[in-house]
Amino acid sequence: MKAIQLNQYGSVTELTTITTEIPKLLKKQLLVKNHAIAIDPYDVKFIAGKMGTSESLPLIPGSSVVGEVVAIGEDITDFKVGDRVAATRHQKAYAQFVPVGQSAATKVPDNIDDAHAVAAVIGAATGYQMIHRDLNVKPNQKILIQGGAGAVGSVAIQSALNIGAQVFATAKPADFDYLKSLGNVTPIDYHTAYENELADFDAVLDTIGGSVSIQSAKILKQGGLLRSLAGLDDAAVAEFDIDAANTYSDGKRPNLQALFNDMATDKISIRIGQILPFTLSNLRDVHEQARHHSLQGKTILTMTE
């Protein structure tokens, strides 16, 4: 099969095309013929060496896949050859065929296309999980989403609004119109000292980290929930009487299936940016762009035969 391999951390020129064997399946894995991948911030940072350099190279990177099941492991019970599935996995996705664990694989509803399905499996699924599980948002609660215009934040906003929460979100002013297009959300300019004006929030989702965790802590009511995807300043946050913790996406099927169900019924929308052919040149170009500025919407690279 054709795949794109990372030879050394650092430059995008270290991504090269290879021909390699189709992966052999473990007992609880599916083999997916890849239709499309999404360019995720994690992958961009990993290839640049900013997520650590401990993994042995060369390897096939990539964290998202959508496509057709072409083979199943002997202990697979929930899927069959021909199913269309999407999933996130750690590495091995920049390839024509991708092994996917049964616990992560999720059937894609017929009315969700490949681009939107694969765009949802990492950032969007994380935002959905944060609202429904980690923060366990309830109707009428007052919620702040830090970084509301991103893939995580935009779905977190929609999820909280669907529950009936009162939602605020930080972003740069250029993104305010986009935030308002998601529903009845109050945009907050992240450049401002908003922590001096806001108060009595029930929960904050922090996708930014650093000093933002302190701003988040200051606006929470006593016992309020702060969940961070980007690292808390634990010592500083400990000064506040709140429930603060780092968290992460579990990448499992129940959460992604629930998100797909809401997408299929138009309760959640995913912003798509460029859709390009999956080529080495395009992959290098998009990774290089993403190192210098945030991409508007999820960039998708589609496979050809």
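Asp-266 sits in the loop that runs between helix H7 and strand S14 (272-277), where helices (H or I, at least four residues) and strands (E, at least two) are DSSP runs numbered from the N terminus. This is a predicted model, in which local features need pLDDT of at least 70, side-chain atom pairs count only at pLDDT 80 or more, and totals for chains, interfaces and linings use all residues. Residues are numbered from 1 along each chain as its sequence is written, and side-chain values use heavy atoms, with hydrogens and water left out. Here is a friendly tour, starting with that loop.

**Backbone points to look at**

- Asp-266 has a phi near 65°, a positive value in a residue other than glycine.
- At 72% relative accessibility, Asp-266 counts as exposed (buried means under 20% relative accessible area, exposed over 50% and partly exposed in between, with a 1.4 Å probe and protein chains only).
- Asn-136, found in the loop between H2 and S8, also has a positive phi, near 50°.
- With 39% relative accessibility, Asn-136 counts as partly exposed.
- Leu-57 and Pro-58 are joined by a cis peptide bond, with omega about 0°.
- Pro-58 belongs to the loop between helix H1 (41-48) and strand S4 (64-72).

**The chain as a whole**

- Eight helices and 15 strands make up the secondary structure elements of the protein chain.
- Along the principal axes, the C-alpha atoms fill a box of roughly 60 × 40 × 35 Å.
- Of the 305 residues, 51% count as buried.
- Among contacts (heavy atoms within 4.5 Å) with a separation of 6 or more, 65% are between residues 24 or more positions apart.
- The accessible surface comes to about 13,600 Å², and 49% of it belongs to carbon and sulfur atoms; accessible areas come from the Shrake-Rupley method with a 1.4 Å probe, and for residues only the protein chains shown count as cover.

**An enclosed helix**

- Helix H5 (residues 212-219) is largely enclosed by the rest of the structure, because seven of its eight residues are buried.
- Val-212, Ile-214 and Ile-219 are among the buried residues of H5.
- The cover over these buried residues includes strand S8 (142-146), strand S11 (201-206), strand S12 (220-228) and helix H6 (234-237).

- On a 1 Å grid over the protein atoms alone, a cavity is a set of points where a 1.4 Å probe fits but cannot get out, a pocket is an open set with protein on both sides within 12 Å along at least five of seven lines, and lining residues have an atom within 4 Å of a point.
- The structure holds one cavity of 30 Å³ or more, and about 60 Å³ of space lies in the largest cavity; a volume is the space filled by probe spheres set on grid points, which are joined across faces, edges and corners.
- Strand S5 (84-88), helix H2 (114-134) and helix H7 (253-264) each give two or more residues to the lining of the largest cavity.
- H2 gives the most to that lining, with three residues.
- The second largest pocket holds about 180 Å³ of space.
- Of the 11 residues lining the second largest pocket, Lys-2, Gln-96, Phe-278, Thr-279 and Met-303 are the closest to its centre.
- Strand S1 (residues 2-6) provides the largest share of the lining of the second largest pocket, three residues.
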